[in-house]
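Here are a few friendly notes to read alongside the model.

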Amino acid sequence: MNKITVEEAFLIGIAAQKDGNLGEADRCYTAILKSVPKHPATNYNMGILALSLGKKAEALGYLEVAVTGDLNNEQYWLSYVETLSQLGRINDVEQMMEKAKREKEPPRGSEKVEAADTEKETKKAQERPQSK
């Protein structure tokens, strides 16, 4: 069997995932992650694959590695935050935002997350009974 590069395996995995051949996509991505465990794009795609199979907790692990590996990728963040939200783990979003601010520039799109948090807090404040 001919050896292929990580890039070739990644492209084969993407094509398989797009075609609905999830088993082949999983095999390609798994092979990549054996040699490059923190490959952000592969972890992201594995997360999306797991989400498509209803495996949110498993997806979250992959998405977290993707975000951590590329803090400035808006799509990684959006998928990660959405998955955290679906799992009811909103506090974890705030912790990751703090981590991003400490380690690198805030990710593109982080203002959307911060705006959503601010909007939530405003709404909560508006719903609270007013004291005299």
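1. Glu 24 is partly exposed, at a relative accessible area of 26%; buried would mean under 20% and exposed over 50%, with partly exposed in between (1.4 Å probe, protein chains only). Its side chain forms a salt bridge with that of Arg 27 (3.2 Å, N to O), a term for a side-chain nitrogen of Lys or Arg within 4 Å of a carboxyl oxygen of Asp or Glu. Both residues sit in helix α2 (residues 22–35), three residues apart, so about one helical turn separates them. Helices here are DSSP runs (H or I, at least four residues), numbered from the N terminus.

2. A word on the source: this is a predicted model, where local features need pLDDT of at least 70 and side-chain atom pairs count only at pLDDT 80 or more, while totals for chains, interfaces and linings use all residues. Residues are numbered from 1 along each chain as its sequence is written, and side-chain values use heavy atoms, leaving out hydrogens and water.

3. How many salt bridges does the structure hold? There are two. Besides the pair in point 1, the side chains of Arg 89 and Asp 92 meet at 2.5 Å, N to O. Arg 89 is partly exposed, with a relative accessible area of 37%.

4. Now to the largest nonpolar core, which has 24 residues. Such a core is a set of buried Ala, Val, Leu, Ile, Met, Phe, Trp, Tyr and Cys residues joined through side-chain atoms within 4.5 Å. Tyr 29, Val 67, Tyr 76, Trp 77 and Tyr 80 touch the most other members. Helices α1 (6–18), α2, α3 (40–52), α4 (56–69), α5 (74–86) and α6 (90–103) each supply at least two residues, and α5 gives the most, with five.

5. Tyr 29 deserves a look of its own. Setting aside neighbours within four places in sequence, Tyr 29 is in contact (heavy atoms within 4.5 Å) with Phe 10, Gly 13, Ile 14, Gln 17, Thr 42, Asn 45, Met 46 and Leu 49.

6. Finally, α2 and α3 pack at an angle of about 145°, their axes 10 Å apart; axes are lines fitted to C-alpha atoms over the stretch in contact, and angles run from 0 to 180 degrees between N-to-C directions. Residues making this contact include Tyr 29 and Leu 33 of α2, and Met 46 and Leu 49 of α3.
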